[in-house]
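User: I have a model open here and would like to go through it with you. Can we start with the terms and then take the ligand site?

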Amino acid sequence: MNYRQWSRRQFLQHTAGAAGASLAARSIWLEADPITALPRSAPSDRVRFGIIGVGMEGTGLLSTAIQLPGIECVAACDLYDGRHQHAKEIVGKPIHTTRRYKELLDNKEIDCILAAVPDHWHKQVVVDAANAGKDIYCEKPMSHSVNEGFEMVAAAQKSGRIVQIGAQRTSSVLCAKARELYQKGAIGELCLVEATMGRNDPTGAWQYPPPPDLSPQNLDWDTWLGTAPKKPFDPFLFARWRCWIEYGTGVAGDLMVHLISGMNFVLGINEAPKRASAFGGILRWKDGRNTPDVHCVLFEYGNIPVYVRLSLDSETPEVTRFMGPKGIIELTEFGVSFKPQAGIDQSPSYYVASFPQKMREEYFSKWHQEHDPKPGEALTSESVSYRGPSYDDLQPHLWKFFQSVRSRRPVYQDAVFGNHAAIACHMANESYYRKSPVTFDPGNKNIEA
Ligand SMILES: NC(=O)c1ccc[n+]([C@@H]2O[C@H](COP(=O)([O-])OP(=O)(O)OC[C@H]3O[C@@H](n4cnc5c(N)ncnc54)[C@H](O)[C@@H]3O)[C@@H](O)[C@H]2O)c1
């Protein structure tokens, strides 16, 4: 069974693909990069991994990773015993399972780690893995706070281990095509970016059903809480941790981090925004959560405004638009298009409607003399659209990680890149909670009001 087959994204891809067939008559299909054999290195041509956290996303990571050639899972760790059984079912052969991730870090048979634990555990798992000499793929957003992010960067740099963060867009052919168009100057000087997405269903708003048998007997609840404030066992908190800032990072860290990582990749940005100003609220899902279900953020990257709109209250397509005087590159979930714009007057200025008749006619006549194209020289423009696999492209992203584990070549979405994307999310949250604009000071490594 393919455990990702019922994922939100695949469902949307299926329906969008069906709808798009009649709409996108002149689109170009982009092929995913081929999965070729791993570079070989003695003593084994296999890469053996252990996984920490086999919940919703860990399920997808594990079932995707074991389908890659030369990649093998040898151990799985989770604090909930039900997920030990689940991991064995996915792998389909005996593997070591445990509640203690340090057993995986001490296991010499394991080359690298995949980690899909809640956000408040990312830092500790990454730092421990790097210090134990293990390469690690850790889910997004990289950190739960700005301080943690810098601690993770330091651990990655000191240990020299490969650390890849799991915002898959940087490995998607769609983002690569948008990046190529941008780098070729398709839109001219970038003037504005806007990125939007919205959901409208309880599951999309994180109201997940807890496993019915969950209990303090089969879950190590104290360890699950980690450094968060102590609380009595709560199965809803276990399943819906995203709703609370003590464990998650809100829609900013859960969803916007994908938009920001994709944007940074397309534009070649590897820095945090200078400023952020956010507005929003808990307008619909009043279930006790403390993170906003509508979050609108205006960032300043260099001198470029970047506007992001996230909602769990109304469904809207995921779109990122890169805008400049020569046109717009539009990146959607299953396609990228370029719509050129001339950026010049194509008819006399409508301002002259305010001129008296004689003056207006003289202006028209001069305008046409100077601007009308000679026969055969009229400007034409053609929009191009490319369709392809989803931009949240997990398989190539995992493959890049495993290739780097073997080749020791650096990954694109390393700890520094992941930290910059995560800082944008923390700024969005800080501004929302403080109700004031915030800036990021790279010198002090601080968010300031
Ligand atoms: N890249 C993506 O598209 C994507 C999609 C969904 C989730 N995610 C990310 O994946 C991470 C996990 O999310 P999820 O939805 O799978 O959460 P989840 O709650 O479904 O699963 C997390 C699992 O981690 C286990 N766990 C927690 N702390 C642990 C520890 N210290 N040691 C061992 N196991 C531990 C829990 O018991 C649980 O089974 C999050 O950071 C989330 O942001 C990424």
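Analyst: Helices (H or I, at least four residues) and strands (E, at least two) are DSSP runs, numbered from the N terminus. This is a predicted model, in which local features need pLDDT of at least 70 and side-chain atom pairs count only at pLDDT 80 or more, while totals for chains, interfaces and linings use all residues. Residues are numbered from 1 along each chain as its sequence is written.

User: OK. How many residues surround the ligand, and which are the closest?

Analyst: The ligand is surrounded by 26 residues, with Gly53, Gly55, Met56, Glu57 and Glu139 the closest. A residue is near a molecule if its C-beta atom, placed from the backbone, lies within 6 Å of it.

User: Which elements give two or more residues to that shell?

Analyst: Helix H2 (56-65) and helix H8 (221-225) do. H2 gives the most, with three residues.

User: And what is the shell like by class?

Analyst: It has 12 nonpolar, eight charged and six polar residues. Here Ala, Val, Leu, Ile, Met, Phe, Trp, Tyr, Cys and Pro count as nonpolar, Asp, Glu, Lys and Arg as charged, and the others, Gly among them, as polar.

User: Where does the ligand lie relative to the domains?

Analyst: Between domain 1 (28-168 + 393-414) and domain 2 (171-342 + 382-389 + 421-448), because both give residues to the shell around the ligand. The bounds come from an automatic or database domain assignment.

User: What separates the domain centres, and how many residues does the contact take from each?

Analyst: The centres of domain 1 and domain 2, taken over C-alpha atoms, are 22 Å apart. The contact takes 30 residues from domain 1 and 38 residues from domain 2, where two residues are in contact if their C-beta atoms, placed from the backbone, lie within 7 Å.

User: Switching to the sheet. What is the strand order?

Analyst: The order is S4-S3-S2-S5-S6-S7, an open sheet of six strands with parallel pairing. Two strands pair if DSSP finds at least two bridges between them. Strand S4 (96-98) and strand S7 (163-165) are at the edges with a single partner strand each, so one side of each has no neighbour in the sheet.

User: How many bridges join S3 to S4?

Analyst: Three bridges join strand S3 (residues 71-77) to S4. Cys77 has Thr98 as its bridge partner in S4.

User: What does H2 touch in the sheet?

Analyst: H2 packs on the sheet and touches strand S2 (47-52), S3 and strand S5 (112-115). The direction of H2 makes about 165° with that of S2. Axes are lines fitted to C-alpha atoms, for helices over the stretch in contact, and angles run from 0 to 180 degrees between N-to-C directions.
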